[in-house]
Amino acid sequence: MQQTRRSGRVPLMVALELCAALLLAVVMATALTGLTGRPLVADDSMQPAVPEGTRLWVKDAHKLARGDLVVVEPHPQWAGARKDSSSRLNRAMRSLRLASPAQGTRMLTRIVGVPGDEVRCCADGRVLVNGAATPAPPTGGNFFRVVVPEGFYFVSTDAPGGASSQCYLHRLGSGALVPRERVVGKSYSAGWPWARVDLARGAAPYTGIAPGSTPPRDPIIEAAKDPAC
């Protein structure tokens, strides 16, 4: 009788050991991605600073600055965007870095304006931030002026025709800006196992711009009709 009881415990112990090993693997994988970041393959939206096909490493960002390369959850009415209707299980797996988001629910873009910045277009065909010219591509000769409020960011791709806040100012108002909670992460490095792309070079034109004013509570938006983006 005693031998039978012992043999019945063996499968249970094996199952418990397997569960413990799986849990440990998940915890270690989560900790590792927290240190190294999550991989992302760049599309053509950030050329020439980031060539298409470049592998980027994206990590959670506690501090954001002008020029940062970020992954955002776009407004559902942005071109090419999709609403994230994932199940709770899928979201939980994503939080553990075990699943990838659905196509169209994330976009790679650059922060052009931070809270308090005045972003306007177009003087000599350039997008200005606090009066300084930037490399952000103007869209269709659209004229606008925006003062970015607290908790929001004005974003744009480096390549013309990509996702940009200026595309939706007239139609979406504050929906054209990206709130802080929709910034999924920031890319700190590119390439594997060493950096093949200097991300700081793409951010450099934005780092010397003078600080903006005190961020308003609500966005100040003056925009003509939205261009085709």
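Contact here means heavy atoms within 4.5 Å. With that settled, this is a predicted model, and I will go from the whole chain down to a few residues.

Among the contacts in the chain with a separation of 6 or more, 72% are between residues 24 or more positions apart. The chain has 229 residues, and 40% of them count as buried. Its secondary structure comes to 4 helices and 12 strands.

Now the sheet. Seven of the strands, in an open sheet of 7 strands, follow the order β1-β2-β11-β3-β4-β9-β10, and the pairing is antiparallel. The edges are taken by β1, residues 38-41, and β10, residues 178-179; each has a single partner strand, so one side of each is left without a neighbour in the sheet. As a reminder, strands of a sheet pair through backbone hydrogen bonds, either parallel or antiparallel.

β1 and β2 run antiparallel and are joined by 4 bridges. Val41 has Arg55 in β2 as its bridge partner. The next pair is β2 with β11, also antiparallel, with 4 bridges. There, Trp57 stands opposite Ser189 in β11. Then comes β3, residues 69-72, which pairs with β11, residues 183-190, in the antiparallel sense over 3 bridges. In that pair, Val70 faces Lys186 of β11.

One helix belongs with this part of the picture. Helix α4, residues 199-207, lies across β2, β3, β4 and β11, and runs at about 30° to β4.

Back to Lys186. Is this lysine buried or exposed? Its relative accessibility is 15%; the cut-off for buried is under 20%, so Lys186 counts as buried. Lys186 sits in strand β11. What does its side chain meet? The side chain of Lys186 makes a polar contact with the side chain of Asp68, at 3.3 Å. Leaving aside neighbours within four places in sequence, the residues in contact with Lys186 include Trp57, Val58 and Lys59, then Ala61, Lys63 and Leu64, and also Asp68, Leu69 and Val70. Two names there have come up already: Trp57, the one opposite Ser189, and Val70, the one opposite Lys186.

Next, the loop between β11 and α4, where Asp198 lies. The side chain of Asp198 reaches the backbone nitrogen of Ala200 at 3.2 Å. Asp198 and Ala49 are 149 residues apart along the chain, yet their C-alpha atoms are separated by 8.1 Å.

Leu169 is in helix α3, residues 169-172. Beyond neighbours within four places in sequence, Leu169 is in contact with Phe144, Val146, Phe154, Ala176, Ile221, Ala223 and Asp226. From Leu169 to Lys225 is 56 residues in sequence and 8.3 Å in space, C-alpha to C-alpha.

Last item, empty space. Rolling a probe the size of a water molecule over the atoms shows where empty space is left. How many cavities of 30 Å³ or more are there? The count is 1. The largest cavity holds about 30 Å³ of space. Which residues line the largest cavity? They are Pro137, Thr139, Ser156, Thr157, Ala159, Pro160, Gly161, Gly162, Ser164 and Cys167.

Key:
Residues numbered from 1 in each chain as written. Predicted model: local features only at pLDDT ≥ 70, side-chain atom pairs only at ≥ 80, totals over all residues. Heavy atoms only, no water. Pairing = 2+ DSSP bridges. Axes fitted to C-alpha atoms, helices over the stretch in contact; angles between N-to-C directions. Buried < 20%, exposed > 50% of the residue type's maximum accessible area, 1.4 Å probe, protein only. Polar contact = N/O pair within 3.5 Å; in protein donor to acceptor, adjacent residues only side chain to side chain. 1 Å grid on protein atoms, 1.4 Å probe; cavity = no way out; pocket = protein on both sides within 12 Å on 5 of 7 lines; lining within 4 Å. Points joined across faces, edges and corners; volume = space filled by probe spheres on them.
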